[in-house]
Protein chains: 2
Amino acid sequence: MNIGIYGYGNLGKGVEAAVMTNPDMKLFGIFTRRAPESVKTLYNTKVYPADEILKYKDEIDVLIICGGSATDLPKMTPALAENFNAVDSFDTHANIAEHFENVDKSAKSGGKLALISCGWDPGMFSLARFYAGAILPNGNDYTFWGRGVSQGHSDAIRRIKGVLDARQYTVPVESAVMRVRNQENPTLTTREKHTRECYVVAEEGADLKRIEEEIKTMPNYFADYDTTVTFITKEELERDHKGIPHGGSVLRSGKTGKNLENNHVIEYSLKLDSNPEFTASVLCAFARGVYKMHQRGETGAITVFDVAPRDISPKDPLTLMKTLL
Amino acid sequence: MNIGIYGYGNLGKGVEAAVMTNPDMKLFGIFTRRAPESVKTLYNTKVYPADEILKYKDEIDVLIICGGSATDLPKMTPALAENFNAVDSFDTHANIAEHFENVDKSAKSGGKLALISCGWDPGMFSLARFYAGAILPNGNDYTFWGRGVSQGHSDAIRRIKGVLDARQYTVPVESAVMRVRNQENPTLTTREKHTRECYVVAEEGADLKRIEEEIKTMPNYFADYDTTVTFITKEELERDHKGIPHGGSVLRSGKTGKNLENNHVIEYSLKLDSNPEFTASVLCAFARGVYKMHQRGETGAITVFDVAPRDISPKDPLTLMKTLL
């Protein structure tokens, strides 16, 4: 199947690498809004101007749209899904239903199939919450993120006067995770679930005390958390904080039995060296599902909940049964 | 939807309790090969003789078959699937493909749908292995079981001369699990992955040294493991080893990136107070899937890989999207 990549940032690069590890996939090319000749790809993949994509409508089986959720995807996916089977990683949880409706309308009118909000959260974490909740209707869900880099929080620090660069790590409170694992069913406040670690490069002569205060009191981002601020040099940031690791855990603690006397804990957890490359790997597997489902005549918008597992694997049912069941 | 239970041991009791927690399900009744009047149920559920089940063919939407994998299910499921949509927990991994074929033939000839090998392993652990492998094609799988009671190993000890009762726990070697979590990709022998703890009640005057030796050298069951044997009284067994806990972890360690330079670990783990009640909860959720898929016209045998997640939930797509995605 021929895969197209639309948008070539960290996620697009991750998809380029992931396609190479899936022998049943071929990379048609990368579409960018930048000047194509200015884009250096990992594998000398062909680069096309984004606004010429309609020319290749019949040559691309699934388009993986690698834009940002804030402003790109709400426009891109509905616009592209009329002419292409598509997968995106739209992750603004509050607006998913609206995005779904827009994409559904456009994909249906073009006879295409589009999977929205794929990746790990939303995506694999959603599936973990979903399966666990369907199995244990009496129970509580807990999601912990990290230890990992939050791009949004890092950006928020960079906007503070006197800050040159910053990296923010979201860190789950280990004792809170342990209480859930130990079946205590705790009620946890925001502060009890995560802490925030900030590594900041300040301008020479900047008022460090003021910067630290501005970070720690920033509403929504930091005020509700125990936040630590550590000032480091540009070199230290480059050396020690170059990666984009992430991960986390989804837990469900539930009860069964006549008197609900038995406790069970289901945990799904991820420990990722590269957030964008792992997300890209999930997008690729589900692109296979979109391709197969569209071949069977399905159109419109779907989510990970709509994809039967067998459709995302390149293996035949008998092999799956013998090796993985 | 009307659920029937066929077979009323620990698993059947678990299903009886699980149906009560699913408001969209009704329990039609329990079918047993014992004298119905001798069976005491948890909720005064109606009990029918197993050999009269065909009378109720049109009143049962899905039959959950709660027999053993060694001798019951290979006969029961093919026999019943011709007239009933069915779910079973057949767990003899080596014979799954053969069982699938037998059930498929029978279900297709009767226009019914039957899901085989459901539960947690095979079942949820299979799904965990499946999704992780589809996402990270370059990687290794690890499955650890326990800490939990193995019925088969407990039975093997009970067959030794001089043994009155026994309970065997399968215990994962924590240091091996940690090596996988730490992305070491180790090659692990049987002995390095699990230990076996045996609690044995011996007859008065029995030769304890001989019993311990017979356990530790038993081929397939114990010889390849570090096994400990502890002799206890009947009262201690009753007091300290009454439960049927189990659990374990499925891990996949995989690599991404142009030079496979980034490591990722996906872990799915279960900590279960009651193995049969949790298994029963999984069977119930998937019984819902079988019901919905059969309503859409699907027939034959299927596995958990064939069921789209949304079909096992009682919630509508919009609620799922807004609350779990």
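Contact here means that heavy atoms lie within 4.5 Å. This is a predicted model, in which local features need pLDDT of at least 70 and side-chain atom pairs count only at pLDDT 80 or more, while totals for chains, interfaces and linings use all residues. Side-chain values use heavy atoms, with hydrogens and water left out.

**View 1. The interface of chain A and chain B.** In this view, 66 residues of chain A are in contact with 66 residues of chain B. The two chains bury about 5800 Å² between them, 64% of it on carbon and sulfur atoms, where buried area is the accessible area (1.4 Å probe) that two parts lose on being put together, summed over both.

**View 2. A salt bridge between A:Asp306 and B:Arg310.** The closest N and O atoms of A:Asp306 and B:Arg310 are 3.1 Å apart, and a salt bridge requires a side-chain nitrogen of Lys or Arg within 4 Å of a carboxyl oxygen of Asp or Glu. Across the interface of chain A and chain B, the rule finds two salt bridges.

**View 3. Strand S13 of chain A beside strand S13 of chain B.** These strands, which are DSSP runs of E with at least two residues, numbered from the N terminus, run antiparallel and are joined by nine bridges, and two strands count as paired if DSSP finds at least two bridges between them. Residues 262-272 make up the strand S13 of chain B, and within that strand B:Ile266 is the bridge partner of A:Leu270.

Terms used
Residues are numbered from 1 along each chain as its sequence is written. Chains are lettered from A and ligands numbered from 1 in the order in which they are written. Helices (H or I, at least four residues) and strands (E, at least two) are DSSP runs, numbered from the N terminus.
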